[in-house]
Amino acid sequence: MTVEEEAALGRMMVAAQTGDRHAYESLLTRVAALALAFVRRRVGEVPWSEDVVQESLLAVHRARHTYDPARPFAPWMYAIVKNRLIDALRAQRRRMLRELDPDVVPERAAHAAQERDAFFRDVRKAVATLPENQRRVIELLKFEDLSVREVAARLGMTETNVKVTAHRGYRALRQQIEEFTRAD
Amino acid sequence: MRTDDLIQQLASDAAPVRPLRPLALRVAAWAVVAVTSLIAVMLLMGLRRELGDGIDQADFALQALLLIVTAISAATGALVISVPGAARSPLVRWLPVVVGAVCVGWAVGGVVYATATGAPVGRLTFAWHCVYKTTSVAAVPGALLFVMLRRAAPMQPLWAGLLALLGTAAVGVLGANIICPNDRPLHLLLWHMAPLIAFAAGGAALGAWLLRWPRDLRSRR
């Protein structure tokens, strides 16, 4: 990061603190790229690097009021990214230790697979019962991994309408899945 | 969720925020509350009668000075490490711990010196009322400091909590020293200074619990 870019990011954050959405979006886009590069430099290519980037963005969002324009932007941002990376590394380590436990691996894996299959079955059943528009929106968003914008373009809806429809669908899904779970 | 979608979602949530006030101002605000709490509890519980002449003034003053340095450096340290990237040196964390340890070490030295010279050490009694005095003074500034820390973004919640309660307990111990008439070395060690360690340990546990950053991503998926 050059001195000029760091100063520009600092200015964008100051604008974001006052509610400038455009500046904030540009800032977060750049922060995401910097965070990804940081993670790759530290731990190489890992499947969860995008998770760390997203956690970092959420942390930047949550802590944006703590940025002091009198201080450089980079130490503030990298402190957050580093913190989220350490957190992710700890979580990975815990997961690995659990998975490597020879006494519990076969039983736990079988049990987890059963639970996962049952859960997906419930989700599929619940999605099938949704009204047509909610079902289409959720299938495109979650099964085909399209963005809100892409779904809106594909279905000829506004982005707000897609979000509202998805929200209603999620709520209905939650109720359905709870009922399935209780019934099981 | 894809990163681009998350960025759009966060940008659309970007309501104006009030930046944190300068560090000096926040430390000063906390110090005012701490001193007010100290004075209020002293007025409620009364000062020790021989405060003016009956005690070893140099010893008392030095202990008071150490406790004040512990309190200010710990509160400052807690607030500094709650801003990402603001702590440029580990000294911010370790200075209050070292000064706090000197406070406890001073009290240990008092017991050792009294034992060696045959001076009265004091009896091993329960004096929970002194811990109560410390807690009474520390409660409000402690709660305030935790609120201030939660309003910031503590990257090291355990350390932030430890320093917060170490600082407020130091003010509490100063209050207990001023209120309690028992200045036997063993009593000072066990019921005035040792609680500093307990408060700091409790602060670390509370910090890990109350100041921890949630993993938002899971809840957003």
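B:Ile7 counts as buried, because 21 C-beta neighbours sit inside 10 Å; a residue is called buried if 20 or more other C-beta atoms lie within 10 Å of its own, exposed if 12 or fewer, and partly exposed in between, with C-beta atoms placed from the backbone. B:Ile7 belongs to helix H1 of chain B. Helices (H or I, at least four residues) and strands (E, at least two) are DSSP runs, numbered from the N terminus.

This is a predicted model, in which local features need pLDDT of at least 70, side-chain atom pairs count only at pLDDT 80 or more, and totals for chains, interfaces and linings use all residues. Residues are numbered from 1 along each chain as its sequence is written, while chains are lettered from A and ligands numbered from 1 in the order in which they are written.

**B:Ile7 and its surroundings**

- Setting aside residues up to four places away in sequence, B:Ile7 touches A:Glu25, A:Leu28, A:Thr29, A:Ala32 and A:Leu57; two residues are in contact if their C-beta atoms, placed from the backbone, lie within 7 Å.
- Where is B:Val102 in relation to B:Ile7? The two are 95 residues apart in sequence, and 49 Å lies between their C-alpha atoms.

**Where the chains meet**

- The contact draws 32 residues from chain A and 27 residues from chain B.
- On the side of chain B that touches chain A, helix H1 (3–12) and helix H8 (216–220) each supply at least two residues.
- H1(B) gives the largest share of that side, with nine residues.
- Sorted by class, the residues of the side of chain B that touches chain A are 17 nonpolar, four polar and six charged. Here Ala, Val, Leu, Ile, Met, Phe, Trp, Tyr, Cys and Pro count as nonpolar, Asp, Glu, Lys and Arg as charged, and the others, Gly among them, as polar.

**H3(A) alongside H1(B)**

- The axes of helix H3 (residues 49–62) of chain A and H1(B) come within 10 Å and cross at roughly 5°. Axes are lines fitted to C-alpha atoms, for helices over the stretch in contact, and angles run from 0 to 180 degrees between N-to-C directions.
- That crossing makes H3(A) roughly parallel to H1(B), going by cut-offs of under 35 degrees for roughly parallel, over 145 for roughly antiparallel, 65 to 115 for roughly perpendicular and oblique for the rest.
- Which residues make this contact? H3(A) brings A:Glu50, A:Val53, A:Gln54, A:Leu57 and A:His61, and H1(B) brings B:Thr3, B:Leu6, B:Ile7 and B:Leu10.
- By class, the contact of H3(A) with H1(B) has five nonpolar, three polar and one charged residues.
- H3(A) has 14 residues and reaches 20 Å from its first C-alpha to its last, close to the 20 Å expected at 1.5 Å a residue; the expected span is 1.5 Å times one less than the number of residues.
- H3(A) is largely enclosed by the rest of the structure, because 11 of its 14 residues are buried. Among them are A:Val53, A:Leu57 and A:His61.

- A:Val31 is found in helix H2 (residues 21–43) of chain A, and it is buried, with 23 other C-beta atoms within 10 Å.
- Leaving aside neighbours within four places in sequence, A:Val31 is in contact with A:Leu57, A:Val60 and A:Met77.
- A:Leu27 is also in H2 of chain A, and is buried with 26 other C-beta atoms within 10 Å.
- Beyond four places in sequence, A:Leu27 is in contact with A:Leu9, A:Met12, A:Met13 and A:Ala16.

**Nonpolar cores**

- The largest nonpolar core has 87 residues, of which A:Leu57, B:Ala78, B:Leu166 and B:Ala170 touch the most other members. A nonpolar core is a set of buried Ala, Val, Leu, Ile, Met, Phe, Trp, Tyr and Cys residues joined through C-beta atoms within 7 Å.
- Helix H6 (residues 157–179) of chain B gives the most to this core, at 14 residues.
- Apart from this core lies another, of 10 residues, including A:Val137 and A:Leu173.

**Chain B as a whole**

- Chain B holds eight helices and zero strands.
- Its C-alpha trace spans about 75 × 30 × 30 Å along the principal axes.
- Of the 221 residues in chain B, 41% are buried.
- Among contacts in chain B between residues at least 6 apart in sequence, 87% join residues at least 24 apart.
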